[in-house]
Every structure is written in structure tokens, then in C-alpha cells.
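Could you look this one over with me before we use it? My notes are below the structure.

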Amino acid sequence: MKKSRIFFITCCTLLVLLFGLCSVAYAADVPEELTFEETVCQALREKVEKPMIDVSAYEFYLDPETMTCEALSEAYTAILNNHPDLFYVNGRYGYSYRADDGDEDFEDGDWQVLYFFPEYCSYIPYEDLSEIVAEFDAKVDEVFYSVWDKDMSDEDVALAFHDWLVLNCEYDWDNYVASTVPDESYSAYGTFMEGTAVCQGYALAYDLLLGKAGIETKYVTSDAMDHGWSLVHIGDHWYHVDVTWDDPVTDRPGRVSHDYFLVSGKQFAEQNVDSNPNYYDHYGWDPSFDLLCGDGESPCDDDTYTCGAYPFNHSEDSPFYYVDGKFWYYLNDDQDGPSLIVSAFDGSNVSCYAPDDEYVIDSIYGEAYARKFSGLLHDGREFYLASLSQYINLPAYILRYDCETNSFTELHECADKGSEPYYDITGLALEEREGRQYLKWQMQDYENIGGSLFPDGDLYWSDPIILSTLAEGEVEKDGTLTLTFDPHFFQQGTACAMAAIYSEDGHLLDLVSLSLEDVTKLQKEGLHGTIYVRLFEMAANSYAPQTDADPIDFDID
């Protein structure tokens, strides 16, 4: 669902413009060397309260019958699509003009646009605008540098950010159905800051991330579909990427489709026709988008990435995590069962890791049945997977994979799948609450009718299981405190933890720095009365606490 641009006309004579508006609005200076796009972007990024931009140098003229300017509308729409960081501009605009006054620079019947009035999004109070933009920019940088690596190829970047967006953003389905989609869901702001968006928000966020990596993109729209997606320039060709349609609806955390990743224009229009004739295909976009290279041949005609050689074409909705120069994902094999795979983008330099046989193959009445993985999650250190039986009477398992030891550990055995209703695990998610890290899984009910399984559409979440606890402590009778904390609680890249010990009245008794690499215990002697211990995590090369957990209480009396 894409957002329409709306304009309003400010009917002003030149006299009113000069004396009535300039006292309350801002008129941007227009150096002759700047393009219209550069001028508008410069003014909008200054974030003045009432932007009024002088565009008289760019010769935009109104149609005197409709009092509209199609060229201006198209140029402004292109600016907002090309600059997703301008999320705080809502697309509405106005303009002032003057009629032909006999000046030789005017043609008869033309009305020249003099000043241009963009509008900010109503959901952002102007007094908070600069702070919100700074928070947005910081979030984008955080996401970018948590995924991007200087050794990545353009293909790596395209895949890694595609999957990050699917994993971390949910389609704003409820508002879409109710026709109440808010402005933020149309923008990269909704994607990064709220984790919800419609197609325009997904595509603009994707374009923003790839643009930071130096990859050229274009935002493509289809009025017939009321939809938008991205064109991505890789090598000598352009490829269609629809992040939105690769995100399951309703949301399936830990699962990512790649049906619409780096696809040619022809395949984009034919995708899924054979496998699902009722599935909508892409249509109605401007064919000029497929001729961006200007060589007379469509740069979107390359089918390289949809051939069978690339692992994401066989991954059964596995996300791809880029870790230490390679991608981690799972593959399900009908004969040998599931494996956690590590490889390059093209599937080369591959390593396979499989859990014990009981999590890979089921033996039923002397017959062997391959299990499958459903959902993959990475917390920055370890991976979590669901191992499912394809036979109705056997349980599912939640597994953890330790990258350092190359070993799988069973975290949980799910309820007997032979009980009613039958269910399937459709997603995995992590959450942190009060110093503890939890893992939960999403399930979908099925009805077993005549030997066939039919989903009834109900999704629900399991009770979460505890993965780690920030800290646990004991106090001996002599007043010695022993505090044990779990390094997994802290974010990747954290250099150390700081323990602050306070008395009941808030007086700081001691401040201890702890290396996460070799210390997991803090001992402090000679404590009496009620004390509080608060743990902070410290970023590398930083002396300022980044985050902290609620204090742990100890009554030593």
C-alpha cells in the first residue's frame, strides 16, 4: 500500500506573498548551481517551522484550467522517495504563484510557481522534531553497523538487510484492513522506530540501508496494485526486490521468504503463477523503470539469482544471518533431515552442522521420517531453532546452537503433538524483561480432518522459557556478598560490566569494573544492613554506562 501525494494551492498575489507570508515563514536562498532536488532537501533538512522555499528559478508553471503543476508534483514525489531520511515530511504541499504580467519571461496563459510550501507529519510535534530526527538517525546507524561489514559484497548487503527488515518489521495489517494506516507506517520511521510498516515503509527503509552501503536503488510503484517495492543495482543489472511480500502476514518471527529477492522483471510478473494460480503477481509498474541503464535492453532481464545454485532459493523461509564473513541458515532435506548451514552468498565454502539423530530423523513403525527446522533466531552469540516432526504424534524441540563449541543443546520439548489441537511452530522470538532473557515460540492450530491437516488460522504464543538471568547473589552471615552474573545478558560488543553497590539510603559504597571475558563473579566483604547492587553494561572504549538493570536487593541483617 503506497501513499498518495496531496497538494493544496495557496492563491496569493505577489504583494500578499511578500508582506503577508514572509513574516511567518522561511524562504530558502536558491544558489543557481543547485538543482530543485538539492534546494528542497537543503531546506527540509534545516527543519524550520514553516518552510517556504523559493523555486522561481526552476520554471514550474501551472495549468491555468486545473491550477495544478504535474511536473512539480512528480519532482517532489521523486524527492521524498529518493530520500527516505525525510520521513518527517508528509507529502502534502502548497505553492504560491503569479499570473503572466507581461514580462517577456512569461508565455501567455502561464502561471509561474514562485514559492513551495512542504508540510511536516502531524504525528511529530514540531518542538520535538530535531530530537526525533536525531533518534531516527541513531537507530538507522545502529541497525546498519550491526549488519554491515566492510568485506561484504553488494549481494551480501542486499540479502543481509532484506532479511533484517523481514525479521524486525511487521506488516501493519490491522490498520491496512481498517483503512486507518498512519503516516508513520508509510515511512522508514515506522519500520525502524516502531517495527510496523506497509509496503512503502519497507521499501524506503531498504533503500535507505542499501544507500548507506553505496548501492543504488529506486523506489517503484504500481497504481494498479496500490503497491511499491525496490529496484536494486547489482553489478551491471537492476533487480526487483519486494521486501514486503517476502514478510509473512500475519507475522512469523524467525522466518523469511526470498521469493521476491533479486528477481528479473519478467519473473517478477510471473512469480508463483504455476505454484499458486490465485496468488497475485506484480503488474502495472512503469516499464521505464526496467530501462534505467538506457542501453535499449532491459537491465532487469537477468535471472542469475533465481537459479537453483543460490541457497536462499531452497531455504524454506529460513532467515540468513551474516556472521564473520558468511551466512548462517538452515536447509531441510527430505532424506537426511535438517541442518544448520554456513556458506558464502552463492552456497560455496559450505559447512553443515546437524544435531543428534533424535532431532533429525524420526523412526515410526520401522520407517524413517526426516524432521525439519522451522524458524531460526540469532541473539548475537548463539542460534535458536525449532525441530519439528512431520509425523503428528511426535513432539517438537527447541534447540540452541553454540557457535564456539559447534554443539546443539535441547532447551525445551514442546507438548505432545498427538494431543488436540495439532499445532505447528511458526516463529521464534526473544524478549528481555527485568534482567532476564526469554525465548518464546509462535504456534498455529490445525484441525486433523480425515487424515489431512487444515490450519484454522489461530496463532498463539507459548509461555516463554528463561534463557539467562542478569545476576543472582547470595550473602553469607559474615556479610560477604557473592554476585554471579550471566555474560549472555549483555549486548555483543560490550567490553565490561560495572557493579555499583549502594546502601539503603542510596550512598555509593563501592564501584567495581568487571571484564566479561574472564570474570563472572563479584565478591564484596564487610557489608551490613540492606544494600542494593546495580549492574551497568559498558560499550567498548567508553566510560559511560550504556544500559542498566533494575537493582538487586540484599538484606544482610
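What follows is a set of numbered points on confidence, sheets and cores.

1. Ground rules. This is a predicted model, so I kept to its own thresholds: local features need pLDDT of at least 70, side-chain atom pairs count only at pLDDT 80 or more, and totals for chains, interfaces and linings use all residues. Residues are numbered from 1 along each chain as its sequence is written, and side-chain values use heavy atoms, leaving out hydrogens and water.

2. Confidence. pLDDT is the predictor's confidence in each residue, from 0 to 100. The chain averages 76 on that scale, and 68% of the residues score at least 70.

3. The four-stranded sheet. Helices (H or I, at least four residues) and strands (E, at least two) are DSSP runs numbered from the N terminus, and two strands pair if DSSP finds at least two bridges between them. On that basis E18, E19, E20 and E21 form an open antiparallel sheet in the order E18-E19-E20-E21. Its edges are E18 (372-378) and E21 (407-413), each pairing on one side only. The twist averages 25° from one strand to the next; axes are lines fitted to C-alpha atoms, for helices over the stretch in contact, and angles run from 0 to 180 degrees between N-to-C directions. E18 pairs with E19 (residues 382-388) over five bridges, and Phe373 has Ser387 of E19 as its bridge partner.

4. The three-stranded sheet. Here the order is E9-E10-E11, again open and antiparallel, with E9 (217-222) and E11 (237-241) at the edges. Its twist averages 30° from one strand to the next. Six bridges join E9 to E10 (residues 227-234); in E10, Gly228 is the bridge partner of Thr221. Helix H8 (residues 199-212) packs on this sheet, touching E9, E10 and E11, and its direction makes about 20° with that of E10.

5. Cores. A nonpolar core is a set of buried (under 20% relative accessible area, 1.4 Å probe, protein chains only) Ala, Val, Leu, Ile, Met, Phe, Trp, Tyr and Cys residues joined through side-chain atoms within 4.5 Å. The largest has 107 residues, and Phe192 and Tyr206 are among those touching the most other members. Helix H5 (residues 154-168) gives the most to this core, nine residues. Apart from it lies another core of ten residues, including Val220 and Trp238.

6. Around Phe192. Beyond four places in sequence, the contacts of Phe192 include Trp164, Leu208 and Lys139.

How values were computed: Contact means heavy atoms within 4.5 Å. Buried means under 20% relative accessible area, exposed over 50%, partly exposed in between (1.4 Å probe, protein chains only).
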